[in-house]
Amino acid sequence: MICGAPCPLLILLAAVAMFAAGCGGARNLQATAPGWVTSLPVDPDSYLGIASAPKASYPGRAMEVAKERALGDLARTISVKVASTTSLNTLQQDDLIRSSFREQSQSSSDADLEGYELVGTFESETECWAYYRLSRARWAQIVAARKAAATEVALGFYDSAREAVSQGDPMTAIHR
């Protein structure tokens, strides 16, 4: 042995130092989490979508799932359709009365999103996070442009139908 007795002690100290640095790194990771991970931001000028996905449940694609969920959250903020069905059935047979109650509800989002921006992503030891934002003013412009395009198409069909009527072709007019 060239270095004598102190070598195993130095190796042990080096191992302890590396272990301590590794543990400190995990604490630094939590300390570097952006504020939107721990506290939902408030922005009256924008629609927001924030979501996470556990790495254990989605190995190798947790960030992709978090982004999909965040976009879904953003879409639900803009447009939500809720449907509910309730039924009450009562059956009386002799002195026995039986009744059953059933309720179903569904919600879905119908927004075809565009114009959003990815504000940030964050990855911890166990989860991935994604944060999207869409300006309310930008969304209003997008919706107005969509309505204008749909109106233009509808007016084109209307004009075409009127032309067919003037030419004595009622079937074409009906189809338009």
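Trainee: Which residues have the most contacts inside the largest nonpolar core?

Mentor: In this predicted model, the largest nonpolar core holds 18 residues, and those with the most contacts inside it are Tyr47, Leu74, Ile78, Leu113, Leu134 and Trp139. At least two residues of this core come from each of β1, α3, β5 and α4. Helix α3 gives the largest share, 8 residues. A second, separate core has 8 residues, including Ala33, Ile50, Phe122 and Tyr131.

Trainee: What makes such a set of residues a nonpolar core?

Mentor: The members must be buried residues of kinds such as Leu, Ile, Trp and Tyr, and they must be joined through side-chain atoms within 4.5 Å. The 18 residues form one such set. As a general matter, nonpolar side chains tend to be buried together in soluble globular proteins.

Trainee: Which residues does Trp139 touch, not counting residues up to four places away in sequence?

Mentor: Trp139 touches Tyr47, Ile78, Asp112, Leu113, Glu114, Leu134 and Arg146. Tyr47, Ile78, Leu113 and Leu134 are also among the residues with the most contacts inside the core.

Trainee: Why does Ala75 count as buried?

Mentor: The cut-off for buried is under 20% relative accessible area. Ala75 has 8% relative accessibility, and therefore it counts as buried. Ala75 is found in helix α3. The C-alpha atoms of Ala75 and Tyr47 are 8.7 Å apart, although 28 residues separate the two along the chain.

Trainee: Which other elements do the buried residues of α3 pack against?

Mentor: The buried residues of α3 pack against β1, β4, β5 and α4. These buried residues are Ala62, Met63, Val65, Ala66, Ala70, Leu74, Ala75 and Ile78. Helix α3, residues 62–78, lies across β1, β4 and β5 and runs at about 145° to β1.

Trainee: How do we know that the span of α4 agrees with its number of residues?

Mentor: The expected span is 1.5 Å times one less than the number of residues. For the 31 residues of α4 this gives 45 Å, and the end C-alpha atoms are 45 Å apart, so the two values agree. Helix α3 has 17 residues and reaches 25 Å from its first C-alpha to its last, close to the expected 24 Å.

Trainee: Where does α4 lie, and at what angle to β5 does it run?

Mentor: Helix α4, residues 136–166, lies across β1 and β5, running at about 65° to β5. The buried residues of α4 are Trp139, Ile142, Ala161 and Ala164. What covers them includes β1, α3, β5 and α5.

Trainee: How many bridges join β1 to β5?

Mentor: Strand β1, residues 46–54, is joined to strand β5, residues 127–135, by 9 bridges, and the two run antiparallel. Ala53 in this pairing stands opposite Cys128 in β5.

Trainee: What makes β1 and β4 the edge strands?

Mentor: The open sheet has 3 strands in the order β1-β5-β4, with antiparallel pairing. Each of β1 and β4 pairs on one side only, and these are the edge strands. The twist averages 15° from one strand to the next.

Trainee: How many helices and strands does the secondary structure of the chain come to?

Mentor: The chain has 5 helices and 5 strands. From the N terminus on, these elements run α-α-β-α-β-β-β-β-α-α. Of the 176 residues, 20% count as buried. The chain exposes about 12800 Å², and carbon and sulfur atoms supply 56% of that area.

Trainee: Among contacts between residues at least 6 apart in sequence, what percentage join residues at least 24 apart?

Mentor: The share is 60%.

How values were computed. Residues are numbered from 1 along each chain as its sequence is written. This is a predicted model: local features need pLDDT of at least 70, side-chain atom pairs count only at pLDDT 80 or more; totals for chains, interfaces and linings use all residues. Side-chain values use heavy atoms; hydrogens and water are left out. Two strands pair if DSSP finds at least two bridges between them. Helices (H or I, at least four residues) and strands (E, at least two) are DSSP runs, numbered from the N terminus. Buried means under 20% relative accessible area, exposed over 50%, partly exposed in between (1.4 Å probe, protein chains only). Contact means heavy atoms within 4.5 Å. Accessible areas come from the Shrake-Rupley method with a 1.4 Å probe; for residues, only the protein chains shown count as cover. Axes are lines fitted to C-alpha atoms, for helices over the stretch in contact, and angles run from 0 to 180 degrees between N-to-C directions.
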